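Take each one in turn and check it by eye.

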Amino acid sequence: FSLLFGIGFSVILIRNEQRGVNPLKIFYRRLLLLALIGAGHLLLIWEGDILLLYALVGMLLPLFRNCKDRTILIWAIALILSPIIIDVIRVMFQFSPGKVLYEQAAQIDIKNNLPADSSISQYIYTSTDSWAHWRKWIEPGFFYRYADLLNTNRIPKVLGMFLFGFYAGRKMMHFNLGDHVSLFKKLRKWGLIIGIPAGIATAIFEVDEKAVPKLIGLVDTVLYALSVVPLCLAYVSAICLQWIRKEGNTKWKVLASVGRMALTNYLMQSVIGIILFYGVGFGWGGDIGPTVYFPIGIGIYVLQVLYSTWWLKHFNYGPFEWIWRMLTYGKWLSIKK
């Protein structure tokens, strides 16, 4: 998502400049609308929202608009690795960026008579069986969410991935995949070589911290930086190489529709997940584990692929994409084909 967001920013810049339209006006209007959608999602539906953060961090992208390609890559790498330095400073000075937000969330929980640290309790699966209980549950969600985002250094991580995407979009890689075969092969090779061991080590460390020396809490930060981004670039490169090899006639094209409706499907996943897992719905979350979560997740995704494919045979945009696009450009767009 972060990588594609950066590519999308470059597309908005290039296309609107070609049309003689102020690209920043369109860009910031689009981000403001995304922020409103994200805020509604976060405050009313699910505390794990990422859209609001993307909108807020995305507003920094124009600062890099006139940077050279090399400068953008240097910034991207520095931002991805910066959590290591940030966590060293945090340990040295013993401070928590999200402390104030955690305290505010805890006060709301106390006011609402919720269990201590309700973000990980079974309360959500057993007691949120009415709208009133649900409202109590999600009230402190914003504070818990942004405390976590600050403490896990998500802002520089996301901005770094935005810049990788911005670089790729500026180089028009998505239009000229065949010109970058050598780069994709290197990214696939080294992304897997670095990312898989680091990913396995991250999983071990998360499950059993005694399995790896904690080293003042920095192991997880280092492993995260060495696993998530290299694996992301490896996966993307593998998909691009498959597309080049099949000359666009790959079976993976079946996923194109669900990608074109990413915003709609993202919001739908929240609603479906709440209905299935939370007490306000069927409440399965407290009774089943990852062995069952996984096939349910795959099943939901398959349904969304089928639904999105059907929808885009009859309509030009997904429902939320349609609304977002019309409000961005301030004009009526026909949704039916």
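Q: Is Phe93 buried or exposed?
A: In this predicted model, Phe93 is found in helix 4. Its relative accessible area is 60%. Exposed means over 50%, so Phe93 counts as exposed.

Q: How many residues apart in sequence are the parts tied together by Arg65 and Glu17?
A: The side chains of Arg65 and Glu17 meet in a salt bridge, at 2.7 Å from N to O. Arg65 lies in the loop between helix 3 (51–58) and helix 4, while Glu17 is in helix 1 (residues 2–18), so the pair ties together parts whose separation in sequence is 48 residues.

Q: Which residues are linked with Asp69 in a network of salt bridges?
A: Start with the salt bridge between Asp69 and Arg170, where the closest N and O atoms are 2.8 Å apart. That pair links distant parts of the chain, with Asp69 in helix 4 and Arg170 in helix 9, 101 residues apart. Both are partly exposed, at 24% for Asp69 and 26% for Arg170. The network links Asp69 with Arg170 and Lys171.

Q: Is Asp87 buried or exposed?
A: Asp87 meets Arg90 in a salt bridge of 3.2 Å, N to O. Both lie in helix 4, three residues apart, about one turn of the helix. Arg90 has a relative accessible area of 17%. For Asp87 the figure is 9%, and under 20% means buried, so Asp87 is buried.

Q: Where is Glu247, which has a positive phi although it is not a glycine?
A: Most residues other than glycine have a negative phi. Glu247 has a phi of about 55°, and at 69% relative accessibility it counts as exposed. Its place is the loop between helix 11 and helix 12 (256–260).

Q: Which helices each supply at least two residues of the lining of the largest cavity?
A: About 30 Å³ of space lies in this cavity. Its lining is made of Ile80, Pro83, Ile84, Lys157, Thr221, Tyr224 and Ala225, which divide into five nonpolar, one polar and one charged. The helices asked for are helix 4 (69–93) and helix 11 (219–245).

Notes:
Residues numbered from 1 in each chain as written. Predicted model: local features only at pLDDT ≥ 70, side-chain atom pairs only at ≥ 80, totals over all residues. Heavy atoms only, no water. 1 Å grid on protein atoms, 1.4 Å probe; cavity = no way out; pocket = protein on both sides within 12 Å on 5 of 7 lines; lining within 4 Å. Points joined across faces, edges and corners; volume = space filled by probe spheres on them. Helix = DSSP H or I, 4+ residues; strand = E, 2+ residues; numbered from the N terminus. Nonpolar A, V, L, I, M, F, W, Y, C, P; charged D, E, K, R; others polar. Buried < 20%, exposed > 50% of the residue type's maximum accessible area, 1.4 Å probe, protein only. Salt bridge = Lys/Arg side-chain N within 4 Å of Asp/Glu carboxyl O.
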